[in-house]
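Let's take a friendly walk through this chain, from one residue to the wider picture. Please keep the view open as you read.

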Amino acid sequence: MENITPISSRHGPVFDVSSSWFCLFAEVCELLSATTQVVRLRTVRMALAGPVPSPRDRAEFSIMGIEKCEATSESIVAMNTGLVNLAVEFTSDTCNLIRAMSAAPGAFASRRPVTQGCEHRPSFLTAVIQSPSNPLYLAGSMTSLVREMLAPIHGRATANARRLGAE
């Protein structure tokens with residue numbers, strides 16, 4: 001019988017789910033920190049600008065609205081694309097699981113010696129572990145989707161924090 005290696009899906013090994021969640025948590029913390037810094041810096045800038053802001057301040061203040069709209073649009077596109085891809089992947093994996101589950105009993109029963117029937121067990125177990133109903137598989141998929149959705153907002157917030165902090 002062959003050595004069984006760690007089972008992997010399209011989203012990486014199932015034991016990487018905790019590291020995906022950790023990366024998501026770290027990115028959210030970085031996003032919150034950058035957002036807090038940007039709001040503080042821009043609020044101070046608005047207060048110092050007074051009722052008649054300079055052309056530089058007016059340009060910065062108009063950028064705020066445009067950036068928010070762009071980041072939100074990109075995030076929505078990432079969410080929609082990710083959900084469609086996830087639905088297609090989920091459907092494909094479900095069909096593959098149904099095929100593997102329906103073929104396994106026949107393949108197992110067609111072997112005379114018991115040892116020959118065992119050679120189909122790893123592929124059957126692989127199909128079950130990588131099935132879309134596996135909670136680790138779903139958690140990894142959803143974590144990847146959330147990270148893709150937050151990427152445009154995270155990118156702009158951290159870039160603004162660096163840019164405004166350097167001024």
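This is a predicted model: local features need pLDDT of at least 70, side-chain atom pairs count only at pLDDT 80 or more; totals for chains, interfaces and linings use all residues.

Residues are numbered from 1 along each chain as its sequence is written, and side-chain values use heavy atoms, with hydrogens and water left out.

T158 lies in helix α5. Helices here are DSSP runs of H or I with at least four residues, strands are runs of E with at least two, and both are numbered from the N terminus. The T158 side chain reaches the backbone oxygen of G155 at 3.2 Å. Beyond its neighbours within four places in sequence, T158 is in contact with E30 and A34, where contact means heavy atoms within 4.5 Å.

H154 is found in helix α5 too, and it counts as buried because its relative accessibility is 17%. Its side chain makes a polar contact with the side chain of E30 at 2.6 Å. A polar contact is a pair of N or O atoms within 3.5 Å; within protein, one must be able to donate a hydrogen and the other to accept it, and residues adjacent in sequence count only if both atoms are side-chain atoms. Leaving aside neighbours within four places in sequence, H154 is in contact with E27, E30 and L31.

**The helix that carries them**

Helix α5 covers residues 135-166, 32 residues in total. From its first C-alpha to its last, α5 reaches 44 Å, close to the 46 Å expected at 1.5 Å a residue; that expected span is 1.5 Å times one less than the number of residues. Where does α5 bend? The bend is at A151, by about 45 degrees, and a proline, P152, follows within four residues. The angle is taken between axes fitted to the seven residues ending at a position and the seven starting there.

The largest nonpolar core has 6 residues: L31, A34, V38, A157, A161 and L164. A nonpolar core is a set of buried Ala, Val, Leu, Ile, Met, Phe, Trp, Tyr and Cys residues joined through side-chain atoms within 4.5 Å. The elements giving two or more residues to this core are α1 and α5. In soluble globular proteins, nonpolar side chains tend to be buried together. Leaving aside neighbours within four places in sequence, V38 is in contact with A157, N160, A161 and L164.

Q37 is found in helix α1 and counts as partly exposed because its relative accessibility is 28%. Setting aside neighbours within four places in sequence, Q37 is in contact with A161 and G165. The C-alpha atoms of Q37 and A157 are separated by 9.1 Å, although these residues are 120 residues apart along the chain.

**Charged pairs**

Side chains of opposite charge can pair when their charged atoms come close. How many salt bridges are there? The count comes to 7, with a salt bridge being a side-chain nitrogen of Lys or Arg within 4 Å of a carboxyl oxygen of Asp or Glu.

| Salt bridge | Closest N to O |
|---|---|
| D57 and R45 | 2.7 Å |
| E70 and R156 | 3.4 Å |

The pair of R42 and E67 links helix α1 (residues 17-49) with helix α2 (residues 55-110), the two residues being 25 residues apart. Both R42 and E67 are buried. In the next pair, D57 is in helix α2 and R45 in helix α1, 12 residues apart. D57 counts as buried because its relative accessibility is 12%, and R45 counts as buried because its relative accessibility is 13%. E70 lies in helix α2 and R156 in helix α5, so this pair ties together parts that are 86 residues apart in sequence. E70 is partly exposed, with a relative accessible area of 38%. Finally, a network of salt bridges links R42, E60, E67 and R163.

**Stepping back**

The secondary structure comes to 5 helices and 2 strands, in the order β-β-α-α-α-α-α from the N terminus on. Of the chain's 167 residues, 28% count as buried. Among contacts with a separation of 6 or more, 79% come from residues 24 or more positions apart.

How values were computed
Buried means under 20% relative accessible area, exposed over 50%, partly exposed in between (1.4 Å probe, protein chains only).
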